[in-house]
Amino acid sequence: MGLRTGVLLVVVLLIAALAALNWSVLATPTAMSVGFMQVTAPLGLIMLGLTALLGIFFVAYVVYLQTTVLLETRRHTKEMQAQRDLADRAEASRFTELRNFLEAQENAHMARNAERHAALLARVEQLETMIKVRSDQTDNTLAAHIGQLEDRFDRRPPAVTATGGGMPPPV
């Protein structure tokens, strides 16, 4: 129970206790004026009734305000939820766009890598072919040189032995 509710309850209890203790004074009829005529009625009960009516009016007003605030809060909550949903959808849309963009970039990157790989393989194969041709040429050249050297050795007259003396003929 809040402080305001406690104070209000104490005031109502004090009014009820005062009315109960002075009931005979409140219920005593008195001559009073209501503006255009004179009536005899218990002034205390009329004032107590008007006070109770004023209290009921204020309670009704508080309930009305509370209901209005609750309805307004509910409306704001619905609007906030709608805005949250809209923001979530927009965020999901941005994530989808980002994912699509990244996938496109990755696909482009993979395609470039595949092209580079194919070009590299073609270049390596070309180099292997050139090396093989060059190796074959080198083998042929080496074989030709060896063959020439063998021919020279075969055409040379036999060397003069140590007992025969003399120098070999020039080539």
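The model before you is predicted. In secondary structure, the protein chain comprises three helices and two strands.

Let me turn to the overall dimensions. The radius of gyration of the protein chain is 60 Å, whereas a compact globule of 171 residues would have one near 16 Å. Along the principal axes, the C-alpha atoms fill a box of roughly 185 × 35 × 15 Å. Of the 171 residues, 4% count as buried. Among contacts with a separation of 6 or more, 6% are made by residues 24 or more positions apart. The accessible surface amounts to about 15300 Å², and carbon and sulfur atoms account for 67% of that surface.

I now come to the largest pocket, which holds about 450 Å³ of space. Two elements each give two or more residues to its lining, namely helix H1 (3-21) and H3. The largest share, eight residues, comes from H3. Among the lining residues are Leu 8, Val 12 and Ile 15, together with Leu 48, Gly 55, Phe 58 and Val 62. By class, the lining has ten nonpolar residues, two polar residues and no charged residues.

Finally, I would draw your attention to Ala 82, which is found in helix H3 (residues 43-155). Is Ala 82 buried, exposed or partly exposed? Its relative accessible area is 42%, so Ala 82 is classed as partly exposed. Ala 82 and Phe 57 are 25 residues apart in sequence, and their C-alpha atoms are 37 Å apart in space.

Note on methods:
Residues numbered from 1 in each chain as written. Predicted model: local features only at pLDDT ≥ 70, side-chain atom pairs only at ≥ 80, totals over all residues. Heavy atoms only, no water. Helix = DSSP H or I, 4+ residues; strand = E, 2+ residues; numbered from the N terminus. Buried < 20%, exposed > 50% of the residue type's maximum accessible area, 1.4 Å probe, protein only. 1 Å grid on protein atoms, 1.4 Å probe; cavity = no way out; pocket = protein on both sides within 12 Å on 5 of 7 lines; lining within 4 Å. Points joined across faces, edges and corners; volume = space filled by probe spheres on them. Nonpolar A, V, L, I, M, F, W, Y, C, P; charged D, E, K, R; others polar. Rg over C-alpha atoms; globule rule 2.2 N^0.38 Å. Contact = heavy atoms within 4.5 Å. Areas by Shrake-Rupley, 256 points an atom, 1.4 Å probe, with all protein chains shown as cover.
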